[in-house]
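Colleague: I have not looked at this one before. Can you walk me through it?

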Amino acid sequence: MDNNKISYKDSGVNIEEGYKAVDKIKGIVKDTFIPGVMSNIGSFGAMFKLPGGLKEPILVSGTDGVGTKLDIAFKLGKYDTVGIDCVAMCVNDVLCHGAKPLFFLDYVACGRLNSSIAEQIVKGVADGCKSSTCALIGGETAEMPGFYDDGKYDMAGFVVGVVDKENVIDGSDICEDDVLIGLSSSGVHSNGFSLVRKLINDYNEDFNGKSIGEELLTPTRIYVDSIIKLMEQFKIKGMAHVTGGGFYENIPRMFKGDLMAVVNKDSYPLPNIFKHLMELGVEEDEMYHTFNMGIGFVICVNKDDKDAVIKELIELGEKAYEIGYIQRGEGLCLK
């Protein structure tokens, strides 16, 4: 090549590494395919056939990312769980309307592509898709030298789910005296990490027999399987995925009108990681405005169903608690 000429690789984009990444993830992606997938890996567009048996299928979509939790993954060199987070943040959202996830697409951007790291990230995405029984049918890996620092990655995801129109859950049936049931989280999940990173400087410090970095990288729980099975047996009036904004922002999103969610903070055990963050200087009220505080998903049911619902959730492997109720008012009251 003429020494005066410059190539794409000279500008920082290594196409060959991109080809390696695609080869490494093909098998991982194909392992997530479910009935309905109509396209092959590498197609320009991904196709999916809607399942039969629905009277009026409604598509429900959601998109989200992992946020600054990724910074901890960079520093620990552990990339195989953040993909699960990306899927969880999306599928748990569409689940709130009763939608079963069908397919997922991911987007990964970096300064310089490392095919081995990309493989770990996509493996996590695939693991998350398999946990929620949806197919990973497409994605994009963007190498952007000079825009992202070397070694830094960003990622986002997009999911489409389906629900029959007559089964859409929108909170319109929620009324006074209905009961709130909380499902335990696996820890901090994927929100509030800008605050976490200000509080914790050494991710190798011991925390309950493991490093606190490992604790923080525990992936977000996926509630799809349990909730889909629960909906087959009980009427769920509303659901909330407790993400950014904590209890105060997310739980009231499940209902409409002049209603208030009353939550008893002593109704379930508070995980140690949240106690630790408070010990590092965060006020309790700020914690409930920021984090899931040990409850990652909330459902609202008729008070007559509460005991049977909790029993079924426990049999499905969930840790479920009666955490509150609905009354007249506005927003959320924590007591």
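This is a predicted model: local features need pLDDT of at least 70, side-chain atom pairs count only at pLDDT 80 or more; totals for chains, interfaces and linings use all residues.

Colleague: What is the strand order in the open sheet of 6 strands?

Modeller: The order is 8-10-5-11-9-12, with mixed pairing. Strands (E, at least two residues) and helices (H or I, at least four) are DSSP runs, numbered from the N terminus; two strands pair if DSSP finds at least two bridges between them.

Colleague: Which are the edge strands?

Modeller: Strand 8 (238-241) and strand 12 (331-334), each of which pairs on one side only.

Colleague: And how do strand 9 and strand 11 pair? Which residue is the bridge partner of Met260?

Modeller: Strand 9 (residues 259-263) and strand 11 (residues 320-328) are antiparallel over 5 bridges. The partner of Met260 is Gln327, in strand 11.

Colleague: Which strands does helix 7 lie across?

Modeller: Helix 7 (residues 224-231) lies across strand 5 (179-184), strand 8 and strand 10 (295-301), at about 5° to strand 10. Axes are lines fitted to C-alpha atoms, for helices over the stretch in contact, and angles run from 0 to 180 degrees between N-to-C directions.

Colleague: New topic. How many residues are in the largest nonpolar core?

Modeller: It has 92 residues, and Phe104, Ile227 and Ile299 are among those with the most contacts inside it. Such a core is a set of buried Ala, Val, Leu, Ile, Met, Phe, Trp, Tyr and Cys residues joined through side-chain atoms within 4.5 Å. Buried means under 20% relative accessible area, exposed over 50%, partly exposed in between (1.4 Å probe, protein chains only).

Colleague: What is Ile227 in contact with?

Modeller: Leaving aside neighbours within four places in sequence, Ile227 is in contact (heavy atoms within 4.5 Å) with Leu95, Leu183, Ile236, Met239, Phe297 and Ile299.

Colleague: Which residues of helix 9 are buried?

Modeller: In helix 9 (residues 272-279) they are Ile273, Phe274, His276 and Leu277. They line one face, because they fall within an arc of 155° seen down the helix axis, the arc being that of the directions from the axis to the C-beta atoms.

Colleague: Last one: why does Thr218 count as partly exposed?

Modeller: Because its relative accessibility is 21%. Thr218 is in the loop between helix 6 (212-216) and helix 7.

Conventions: Residues are numbered from 1 along each chain as its sequence is written. Side-chain values use heavy atoms; hydrogens and water are left out.
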